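Work through the exercises below with the structure at hand, and try each task before reading its solution.

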Amino acid sequence: MLWRKLRSMLESCLLALLLVSFPPNAAWADKSAVADARRHYENGVRHHEAKKYAQALLDYRKALSKVRRPSIILAIAQCLRKMSQDKEALNHYLLYKQEWRRKHPNKKLRFAKEVDAHIDSLGAKVRAEELKQKLAEQKRQEALREEIERERIRRLAELDAKRKA
């Protein structure tokens, strides 16, 4: 219980820091796009804090469609992780790191430890799920082969019975 409260507080702090790290930038030429992005982003933060992750994700994606910022990509990754969309979340955490390096080549990655921890855990989950799916597919293929073999044996037995009759 305490762990959940601490984790929730940490995530709220992370979201607040993301909101603060979202100021307009000279690289953003279209002020109306910036205003729209900020509005969508702030709505996303409110929905995220209310644990309405699907709505927050829509808002963050609308913001990202207006301006491309690492903080928005990170917020999307956080939502996807909360929604247990592990593979997509993993891709967005990796995209966040890539976009951060592109936008801030000489700055240290923000939230590096947390992001790397999420990348590690999500990577393990995704690999485990892929392995589970692969094993399930192998079992399905094996069951299909066995069914085909049983059918072949049944037909051979029928043909043999007809020849003897």
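**Exercise 1.** Find which residues Glu 99 is in contact with, leaving aside its neighbours within four places in sequence.

*Solution.* In this predicted model, begin by locating Glu 99, which has its place in helix H5. Once the neighbours within four places in sequence are left aside, the residues in contact with Glu 99 are Arg 68, Pro 70 and Ile 73. Next, turn to the side chain, where a polar contact of 2.5 Å joins Glu 99 to the side chain of Arg 102. Finally, consider accessibility: the relative accessible area of Glu 99 is 4%, and since buried means under 20%, Glu 99 is buried.

**Exercise 2.** Determine how many aromatic pairs a search of the whole structure finds, and describe each of them.

*Solution.* The search of the whole structure gives 2 aromatic pairs. Take Tyr 41 and Tyr 60, whose ring centres are 5.6 Å apart and whose planes stand at 45°, so this pair is tilted. Because Tyr 41 belongs to helix H2 (residues 31–49) and Tyr 60 to helix H3 (residues 53–66), the pair ties together parts that are 19 residues apart in sequence. Both Tyr 41 and Tyr 60 are buried.

Now take Tyr 96 and Trp 100, whose rings have centres 6.3 Å apart and planes at 45°, so that this pair is tilted.

Methods:
Residues are numbered from 1 along each chain as its sequence is written. This is a predicted model: local features need pLDDT of at least 70, side-chain atom pairs count only at pLDDT 80 or more; totals for chains, interfaces and linings use all residues. Side-chain values use heavy atoms; hydrogens and water are left out. Rings of Phe, Tyr and Trp (its six-membered ring) pair if their centres lie within 6.5 Å; planes under 30 degrees apart count as stacked, over 60 as edge-to-face and the rest as tilted. Helices (H or I, at least four residues) and strands (E, at least two) are DSSP runs, numbered from the N terminus. Buried means under 20% relative accessible area, exposed over 50%, partly exposed in between (1.4 Å probe, protein chains only). A polar contact is a pair of N or O atoms within 3.5 Å; within protein, one must be able to donate a hydrogen and the other to accept it, and residues adjacent in sequence count only if both atoms are side-chain atoms. Contact means heavy atoms within 4.5 Å.
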